[in-house]
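Here are my notes on this model. Please read them with the structure open.

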Amino acid sequence: MNTTGSGDSVDPVKDLPVAVIGAGPVGLATAAHLLESGLEPLIFEAGPTAGATIEQWRHIRLFSPWRFNLDAAAVRLLEADRWESPRPTALPYGGELIDNYLAPLAALPAISTRLQTGSRVIAVTRAGMDKTHTRNRATTPFIVRVEHAGGEVRDHTVAAVIDASGTWSTRNPLGTSGLPAIGENTAAARISAPLPDVTGRDRASFAGRRVLVVGAGHSAANTLINLADLAKEEPGTTILWAVRGASAEKVYGGGDSDGLPARGQLGSRLRRLVEAGTIELLTGFGISSLKTLDTHVSVEAVDGRTLDTDVIIPCTGFRPDLDILRELRLNLDPAVEAPVELGPLIDPEFHSCGTVQPHGARLLAHPEKDFYIVGMKSYGRAPTFLLATGYEQVRSVAAALAGDREAADTVHLELPETGVCSTDSGTSCDVPAASTADLAGSAESGCCAAPEPVLIGFPTGLVHGRSAEQKEDTNS
Ligand SMILES: Cc1cc2nc3c(=O)[nH]c(=O)nc-3n(C[C@H](O)[C@H](O)[C@H](O)COP(=O)(O)OP(=O)(O)OC[C@H]3O[C@@H](n4cnc5c(N)ncnc54)[C@H](O)[C@@H]3O)c2cc1C
């Protein structure tokens, strides 16, 4: 590996592996591209298996079809092992993405021998130097500190580090102002995971209970609709929905601002459930504090209103965990916490899903040489990441680390003009597909029912991001 970038200089760390943090779809794709580039990946995965965060939402259907969810280098590895590719136009559930792609990929000897599961990276630094040391920094190996299963902590010496650890483990807090509500941590036992399977494996936690959903994205919309299905069978179930804004119009979508018929359908169904009183909507309900009592939790809004609930579902989005990168020299966008040049391209204030062009190592570079953040985490707090974009990122990063600057700078990804989101069940980039039968289905239902792609840029429903939403608010 050329760690100095000059192409012909002596490289003191060339025999060391490249650490990949996370074995999600992007981490595994990174490993496949590193192998093709002649580099040695060492993958650390915190969970028990590859795809551990997708395991949490295996009941949710993706909005992009198989052909955009597979990485080319990973497919080459799999095909050498007689793997059967899924139908390219079908929309997989999260569980299918694991079972039919990530698990077989992780089981290949080329990957499995380089994958350490149950291994959480807790810090990354340069060997023998903290962040303030500059001399010989670029040619000094990295140290990746890992807490392995059983609690043993070990330092691993590597030539480069690619952080593909996603953002799932750090959800945004319930409180306003970006901070946890007062009492939020104490109420942890009454706050669920962000996308529970309320009609399936997590049913018992919600059936017959008073449930508060917090948030105004499509995670909230999907969860509310699934809760309404649950309430039909479990009549004691009460559904409350708190949003900070003055209305839920943007979740309902509709009219010209709705690029996706299915999202319109989802929004209309949600609106009907609210109008029918199945869901009690509380607008302008920014949460200030939570009080945990013996039998329930009392939630107080900034304006003094209170409500009681048994369990809270936080649909508040995610942010990157930057703590493990504290000793590295990063250059992050001050608003979005993405690499500084990428930030303005994905800022949710101005952009919606997919409007960012494919990009690679150059855009993702940090002052810390040979360190990259890729995948979901590379988008920082922006909710609009697409796998297809991530696969192009890691192809380019692997080429850059191998010293092939030309390959690194040549964009390979060709997204069709119409985009990668499909109309049959797509709803948004953060949480796209309802698992309810009336919204899913058409793409799976027959050989001719290929999902019809829609424009990249529409799935959040905000063609110009939040700035457009504010304009609409002012005009209405
Ligand atoms: C419900 C939902 C539906 C989505 N649908 C689509 C879709 O249809 N199409 C699309 O293109 N995108 C979709 N996305 C967006 C995105 O593609 C996915 O979130 C995808 O999982 C991101 O892949 P990743 O590899 O970057 O991160 P992840 O899949 O989150 O993988 C990160 C991995 O890193 C591990 N990890 C985390 N921290 C550490 C650590 N400190 N040390 C070691 N390992 C660690 C995690 O356990 C995890 O396995 C969806 C997202 C969600 C939430």
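1. Classes first: Ala, Val, Leu, Ile, Met, Phe, Trp, Tyr, Cys and Pro count as nonpolar, Asp, Glu, Lys and Arg as charged, and the others, Gly among them, as polar. On that basis the shell around the ligand has 23 nonpolar, 11 polar and 2 charged residues.

2. Some ground rules. This is a predicted model, where local features need pLDDT of at least 70, side-chain atom pairs count only at pLDDT 80 or more, and totals for chains, interfaces and linings use all residues. Residues are numbered from 1 along each chain as its sequence is written.

3. The ligand is surrounded by 36 residues, where near means a C-beta atom, placed from the backbone, within 6 Å. The closest are Gly22, Gly24, Leu62, Gly166 and Gly375. Helix 1 (25-36), helix 2 (52-56), strand 4 and helix 12 (387-401) each supply at least two residues of this shell. Helices (H or I, at least four residues) and strands (E, at least two) are DSSP runs, numbered from the N terminus.

4. How do helix 1 and helix 12 pack? Their axes come within 9 Å and cross at roughly 30°. Axes here are lines fitted to C-alpha atoms, for helices over the stretch in contact, with angles from 0 to 180 degrees between N-to-C directions. Helix 1 is therefore roughly parallel to helix 12, the cut-off for that word being under 35 degrees. The crossing is right-handed, meaning that the near helix is turned clockwise from the far one by less than a right angle.

5. Pro25, Val26, Ala29, Thr30, His33 and Leu34 make the contact from helix 1. Helix 12 brings Leu387, Gly390, Tyr391, Val394, Arg395 and Ala398. Contact means C-beta atoms, placed from the backbone, within 7 Å. By class, this contact has 8 nonpolar, 3 polar and 1 charged residues.

6. Strand 4 (residues 119-126) and strand 5 (residues 142-148) run antiparallel, joined by 7 bridges. Pairing needs at least two bridges found by DSSP. Ala123 faces Arg145 of strand 5.

7. Strand 5 also pairs with strand 6 (residues 153-158), antiparallel, over 6 bridges. Val146 stands opposite Arg154 there.

8. A separate topic: an open sheet of 3 strands, ordered 11-12-13, with antiparallel pairing. Strand 11 (287-292) and strand 13 (306-309) are at the edges with a single partner strand each, so one side of each lacks a neighbour in the sheet. Neighbouring strands are turned by 25° against each other on average, direction ignored. Strand 11 joins strand 12 (residues 297-301) through 5 bridges, and Ile287 stands opposite Ala301.

Technical notes
Angles under 35 degrees count as roughly parallel, over 145 as roughly antiparallel, 65 to 115 as roughly perpendicular and the rest as oblique. Two residues are in contact if their C-beta atoms, placed from the backbone, lie within 7 Å.
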